[in-house]
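Me: I'd like a close look at a single part of this model, please. Take your time and connect the details as you go.

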Amino acid sequence: MTAVCMEESIYNLLPHITEKPIQAPRYISKLKPYVKHMIQQSKEQWKTMGPPKVEAPCPKDFLLKHSKELKLPKRKKDVTKTRELNVPRRTDRPVMGVHSKKNFISTNAATAIMGVPKKPQQVYVDRHQGDKFLLETSGLVPKYVKKKDYGVTPKYVTKRTEEVQRAQEEYDNYIRHTLRQKAMKRLSDEDRENLIEGLKKNWEDVHREFQSLSVEIDTIPKKLHKERLEGQMKQLEHDIQTIEKYNVIYIANK
């Protein structure tokens with residue numbers, strides 16, 4: 001019934017005007033001619049698709065075994081001349097009848113008498129089986145103690161000591177100069193001890209207050225109070241350790 005009413009409505013007699021949506025102009029980049037020109041320059045014929053006509057491969061030219069392996073070039077024959085060996089020929093005759101007047105017995109005896117005897121090599125035996133080892137490389141010979149520079153301070157150590165002394169002097173001069181400029185005051189030992197005792201007393205007061213807190217901390221103010229006391233105790237401990245670590249303390253007058 002509702003469909004029939006919709007079809008017989010008087011408004012259907014009015015002509016319907018369909019509004020066409022206005023289409024925005026197509027975006028064309030200003031660089032389009034430049035890009036097109038660059039693409040045409042970089043193009044090459046048959047670069048991606050290949051030539052239009054390709055010959056079909058011959059069925060006889062199939063891939064053979066080991067055809068893609070590298071082959072070494074053939075070895076060239078050596079043209080070098082063959083060396084003549086100094087071997088006596090079969091027809092050569094040895095020199096006969098040559099005698100030496102040298103008396104080898106007396107010569108060897110004179111060489112043995114006049115020659116310097118060879119010093120025996122020093123060894124040591126560490127077991128009853130008789131195993132021998134060289135004495136020089138064993139460390140049992142006092143070789144380094146007999147050196148001329150034994151016990152003498154090396155040059156690099158002396159140089160290093162002088163550099164440290166020079167650096168300490170420069171630092172002392174800088175401290176003196178800074179004291180004159182800023183009028184820095186050195187904290188005396190008595191004031192230092194008094195300062196440490198005062199800090200320890202403050203730490204004991206804060207610690208006593210911290211111990212007097214309730215066991216159950218269920219509110220935000222209690223939690224904040226506990227954190228504040230913990231921060232004060234840590235700061236006091238840090239100050240005490242810093243002052244006890246350094247014996248000399250300077251105070252700048254601002």
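Me: In which sense, left-handed or right-handed, does α5 cross α6?

Reply: Happy to take you through that pair. This is a predicted model, in which local features need pLDDT of at least 70 and side-chain atom pairs count only at pLDDT 80 or more, while totals for chains, interfaces and linings use all residues. Residues are numbered from 1 along each chain as its sequence is written, and side-chain values use heavy atoms, with hydrogens and water left out.

To your question: α5 passes α6 in a left-handed crossing, the term for a near helix turned anticlockwise from the far one by less than a right angle, with clockwise being right-handed. By class, eleven nonpolar, four polar and nine charged residues make up the contact of α5 with α6. Here Ala, Val, Leu, Ile, Met, Phe, Trp, Tyr, Cys and Pro count as nonpolar, Asp, Glu, Lys and Arg as charged, and the others, Gly among them, as polar.

Now the geometry. Helix α5 covers residues 189-211 and helix α6 residues 220-245; they pack at an angle of about 160°, and their axes are 9 Å apart. That angle makes α5 roughly antiparallel to α6, since angles over 145 degrees count as roughly antiparallel, under 35 as roughly parallel, 65 to 115 as roughly perpendicular and the rest as oblique. The axes are lines fitted to C-alpha atoms, for helices over the stretch in contact, and angles run from 0 to 180 degrees between N-to-C directions. Helices are DSSP runs of H or I with at least four residues, strands are runs of E with at least two, and both are numbered from the N terminus.

The lengths fit expectation. The expected span is 1.5 Å times one less than the number of residues. With 23 residues, α5 reaches 33 Å from its first C-alpha to its last, close to the 33 Å expected. For α6, the 26 residues should span 38 Å, and its end C-alpha atoms are 38 Å apart, which agrees.

Next, the buried residues (under 20% relative accessible area; exposed is over 50%, partly exposed in between, with a 1.4 Å probe and protein chains only). In α5 these are Arg192, Ile196, Leu199 and Val206, and what covers them includes α6, where contact means heavy atoms within 4.5 Å. In α6, Leu229, Met233, Leu236, Ile240 and Ile243 are buried, and their cover includes α5. An α-helix has 3.6 residues a turn, so residues three or four places apart point the same way.

Glu204 is partly exposed, with a relative accessible area of 43%. The C-alpha atoms of Glu204 and Met233 are separated by 8.9 Å, and the two residues lie 29 apart along the chain.

For context, the chain has six helices and four strands, and of its 254 residues 5% count as buried.
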